[in-house]
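Hi there,

Here is the structure I promised to pass on to you. Have a look at it first, and then read my notes below.

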Amino acid sequence: MLFLREAYLIAINSFREAFRDKIPYVVLLAAIALAAFSVLLGEWSVFDREFVVKSVTVTVISLSGLFIAIFAGVGQVQKEIQKKTIHTLLAKPVSRSAFLLGKYMGLLALIAMHVILLSSTLFVVLWAINGSITAPIIQACYLVFWELAIILAFAVLFSTYSSALISSIFSFGIYLIGHLSNQILKEVYFAYRISEDGSFLRENGEFVYNIAKGIHYILPNLFKFNTSMQAAHSITLEYSYVIWNSIYAFGYACVVLCLAVLLFKGKDFV
Amino acid sequence: MSEIQNAIEIKDLHKTYRQGFWLSKKKSLFGISLEVKKGEIFGFIGPNGAGKSTTIKVLTGLLRKDSGEVFILGKEPSKTESRIGLGYLPEQPYFYDSLSGYELLKFYGGLSGLKGKLLEERIHWALKIVNADADWIYRRLRTYSKGMQQRVGLAQAILHKPELLILDEPMSGLDPLGRRDVREAILTLNKEGSTVFYSSHILSDVEAISHRVAMIIDGKISHTGTLEEITKQTGWNSLEDVLAKEVSRVVP
């Protein structure tokens, strides 16, 4: 109970810090820009307006959320370490795991606020253009939240032991590979199959394929959370798919946070 | 179970830093041993870079020891419980500058297990002790002078009336009035039952308020005892003379 109370107080403080760093204002600005942009794009596009608005907006929610997850996630932990505010904090009866969990929860609340605000903007835009607010679009926005929850956990993990710049690059790398790992696996397998005898890929194909397989299984399968096309085509996902992906994201974020705690436990604060 | 007699116990403590890109080693503490009894005001003195802050950071759990034994109120610093009865003021207290002093104290008070009316009462009590019960406490911390920050820093350390108070250079950078206030706060808190362990460069203050003193030079404890014991042992008149002699011995 004490652990949860500590984490809760740190989460509140971290959310408040993010507010004072003006991150929510950036979110609000993004929401307004998104509304204007999606309507304009719908007007200009040769495709169906509703199709364009839905597919583009879900991607924009994901990308702007990525920006917040990386910069707020890395920034807040790094700021505590570099500005040494962590010295007084950890000298209180606060465990290092409660500190990290609190930071993560506070920032996750910020991400949730971002997704809710931008999704609401999307619904307003859809209503304004006489589009339909269907289950697939709600499912797509919901899955973006879980995707960002995983990226945020990585941002916290990297920021516990490396600089802000390196942590941001690594977190962005995870996002990219997470979205492409399935594609990479398919491409490697395809190239291996069609490679000629005596070529590098024919000789080492299995090894390269195993590396691609390792990346695919170890790193998060973020492509599973990108359902903007299904949303645009109004294809409802099976609820088991949505639930299993939520459980996968939750579990994955927990494992990454546990790793962060392990690294953080032995860290010296000079 | 027998009651713990020592607020701090350090036996043969070693600490090495790893620094730079290649993580090269730099040893900072070479097997120091120290005991601080409950109820004492204990001064920890030494030149810059001698290992005072390193020792304090090991005690507060911010640094992990290489080897040796360290106990804070009978518990190891790596355990969260060791900090329940601990109050700590770092050498240069850094706080969330977007908060007001009052918000900061509420936050830290909450982390120390205080809430509701008790927390409000303790904030006013602590502010009175550090002579900071004024309107500026509701201003943002980024507008504070060094003296104001030090007072807020001390207030956050004493909010929960800790059994053991560890202060790293609490008087540095303060004007004479600020120094007097900190000195008086230390004496008041000690009278109310807190053990105080503090490091300082200002030897006249150390001589004035400490029950016992330890001197650390180059990562090793060179003298421990009351002021009389140390001056008698060394044949010098003041701590300043003893320190100067010890430093010149190490750095000829």
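Let me begin where the chains meet: 24 residues of chain B are in contact with 20 residues of chain A (contact: C-beta atoms, placed from the backbone, within 7 Å). This is a predicted model, in which local features need pLDDT of at least 70 and side-chain atom pairs count only at pLDDT 80 or more, while totals for chains, interfaces and linings use all residues. Residues are numbered from 1 along each chain as its sequence is written, with chains lettered from A and ligands numbered from 1 in the order in which they are written.

On the side of chain B that touches chain A, helix 2 (101-111) of chain B gives the largest share, four residues. Helices (H or I, at least four residues) and strands (E, at least two) are DSSP runs, numbered from the N terminus. That side divides into 14 nonpolar, seven polar and three charged residues (nonpolar: Ala, Val, Leu, Ile, Met, Phe, Trp, Tyr, Cys and Pro; charged: Asp, Glu, Lys and Arg; polar: the others, Gly among them).

Now the sheet. Six strands of chain B form an open sheet in the order 5-6-7-3-8-9, with mixed pairing (strands pair if DSSP finds at least two bridges between them). Strand 5 (86-89) and strand 9 (220-225) of chain B each have a single partner strand, so one side of each lacks a neighbour in the sheet.

Further in, strand 6 (residues 164-168) and strand 7 (residues 195-199) of chain B run parallel, joined by five bridges. There, B:I166 stands opposite B:F197.

Best wishes

Technical notes
Two residues are in contact if their C-beta atoms, placed from the backbone, lie within 7 Å.
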